[in-house]
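Colleague: I would like to go through some ring and charge features in this model. Please give the general idea before each case.

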Amino acid sequence: MNGAESLVRTLVAGGVEVCFTNPGTSEMHFVAALDRVDGMRCVLCLFEGGATGAADGYARMADKPASTLLHLGPGLANGLANLHNARRARSPLVNIVGEHATYHRQYDAPLTTDIEGLARPMSAWVRTGLSADAIAADGAAAIQAARTAPGQVATLILPADTAWNPGTGIAPVPPVPERARADDAAVAEAARALASGEPVLLHLGDRAVRGEGRTIADRIARKTGARLLAMTANARIDRGAGTVPIERLPYPIDQGIAALKGYRHIILVGATEPVGFFAYPGRPSLLAPEGCRTITLATPEEDQIEALERLAEAVNAGPAAAPDTGRRPELPGSGPLDQDTIGAALGALIPEGAVICDESLTTGRNFFALTRASAPHTWLQLNGGSIGLGIPLSTGAAVACPERKVINLQADGSGLYTVQALWTQARERLDVVTVVWSNRAYAILRGELANVGALNPGPKAIGMLSLDDPAIDWVGLARGFGLDGRRVETLSAFTDALQHALRTRGPYLIEVVL
């Protein structure tokens with residue numbers, strides 16, 4: 001057994017059962033080991049950003065890490081944007097990067113780079129293997145690091161000779177630390193704020209925004225009059241009929257400031273302090289109103305559920321009440337094809353158990369509110385703001401949950417960053433519906449021109465934000481990657497196409513021309 005096989009067997013024994021791969025020469029012994037070892041599914045991606053984004057989607061839905069396999073520093077560099085998104089989503093991920101043999105690096109071959117330097121900004125844990133004897137233990141440590149709360153990117157760099165030299169067999173994964181307990185003083189401070197009679201916001205993220213956490217937070221809110229609000233971007237929210245409804249802090253800076261106006265206390269539960277995505281002239285970076293106290297009940301690293309339970313006890317909260325999400329929207333029969341009618345159609349048609357991957361950006365600002373009474377489903381978002389996640393995210397989610405329909409709500413400009421992941425969906429026969437909002441522009445940036453004070457843009461500025469010369473044929477792209485698809489330009493055609501796609505198993509793409 002060589003080092004590569006020792007590593008693969010360690011990964012499988014440690015619960016890492018999927019590898020999203022884009023290998024090169026230095027990784028060939030690892031590739032051969034993947035072929036020899038049962039229990040590891042290998043999913044080929046045509047671009048490294050597809051591999052890292054798919055690993056993120058898998059981790060969010062499986063609640064455990066997948067691995068990647070990337071080729072040297074340039075391969076890692078291609079995958080860094082979606083590693084950034086995975087880091088922001090706190091997704092557990094074992095990121096394996098091939099490297100030149102230890103004795104070969106000194107000769108500065110063309111692909112030689114500082115892989116550790118590239119990996120560190122997006123990784124909580126980085127290690128370069130030094131020998132085949134130790135590489136299995138390195139892999140076990142990477143699994144432990146990835147699974148350490150709240151979930152981390154662990155990057156293991158695999159020199160070629162540590163893969164081909166004799167290995168030592170499976171290494172046990174060290175115990176994963178339990179989540180830390182929130183401080184008693186934080187619970188007491190939050191309870192005092194809730195008893196003050198002043199307006200209080202419970203700002204939820206991470207595990208607190210998922211089902212159990214939201215239910216406890218809702219008990220607290222019903223008792224004290226506090227309001228619940230999720231972060232702008234959340235790794236995963238299980239929602240729909242029968243769940244506690246919750247809205248998100250709006251992305252646009254002025255709407256975000258308005259949403260927090262009047263609060264005297266903001267209690268963070270698995271969430272970070274509300275800040276603007278960018279700096280804007282004349283607007284604050286911190287969105288809370290002046291004089292508002294921010295109280296951290298539990299950080300993302302801490303046990304938010306246990307902290308909420310103690311807070312519920314401290315305020316003498318009552319039992320859980322039946323949630324009221326309102327009525328499910330009716331399927332719109334007529335009208336324009338716009339954000340509201342699309343949102344209503346989604347609200348009416350989302351099937352039970354669906355996984356929604358949302359990279360709608362500008363087009364989808366109203367979708368979340370209009371789907372809150374849909375059949376129970378899971379909603380995944382773009383956490384790090386680095387566009388190009390939607391198609392890979394949905395790919396990984398479908399690998400993790402083959403029994404669930406995955407619907408990717410995809411902006412056209414950002415979809416082009418990682419469109420190659422459609423091929424992986426076709427190759428793996430994944431049950432994903434990709435709905436592309438084809439406004440043929442980087443529409444979100446047109447709004448940002450005004451927000452940052454860049455007024456009266458001319459033809460060169462507008463041209464850099466436009467995708468209509470020539471217009472991109474998304475259905476043609478899909479067919480080229482092995483998917484069936486349809487272009488629609490009316491509301492009735494959209495609802496018909498979506499109903500067809502939901503009835504059909506396998507990857508399908510709908511281009512919605514707006």
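Modeller: A charge sits over a ring if NZ of Lys or CZ of Arg is within 6 Å of the ring centre and within 35 degrees of the ring normal. The model is predicted, so local features need pLDDT of at least 70 and side-chain atom pairs count only at pLDDT 80 or more, while totals for chains, interfaces and linings use all residues. Residues are numbered from 1 along each chain as its sequence is written, and side-chain values use heavy atoms, leaving out hydrogens and water.

Colleague: Which residue lies over the face of Phe-368, at 4.0 Å from the ring centre?

Modeller: That is Arg-248. The charged end of Arg-239 also sits over the Phe-368 ring, 3.7 Å from its centre.

Colleague: How many aromatic pairs are there?

Modeller: Rings of Phe, Tyr and Trp (its six-membered ring) pair if their centres lie within 6.5 Å; planes under 30 degrees apart are stacked, over 60 edge-to-face, and the rest tilted. The count is 7. In one of them, Phe-20 and Tyr-58 have ring centres 6.3 Å apart and planes at 65°, so the pair is edge-to-face. Phe-20 is in strand 1 (residues 18-21) and Tyr-58 in helix 3 (residues 48-62), 38 residues apart; helices (H or I, at least four residues) and strands (E, at least two) are DSSP runs, numbered from the N terminus.

Colleague: Are Phe-20 and Tyr-58 buried or exposed?

Modeller: Buried means under 20% relative accessible area, exposed over 50%, partly exposed in between (1.4 Å probe, protein chains only). Phe-20 is buried at 0%, and Tyr-58 is buried at 5%.
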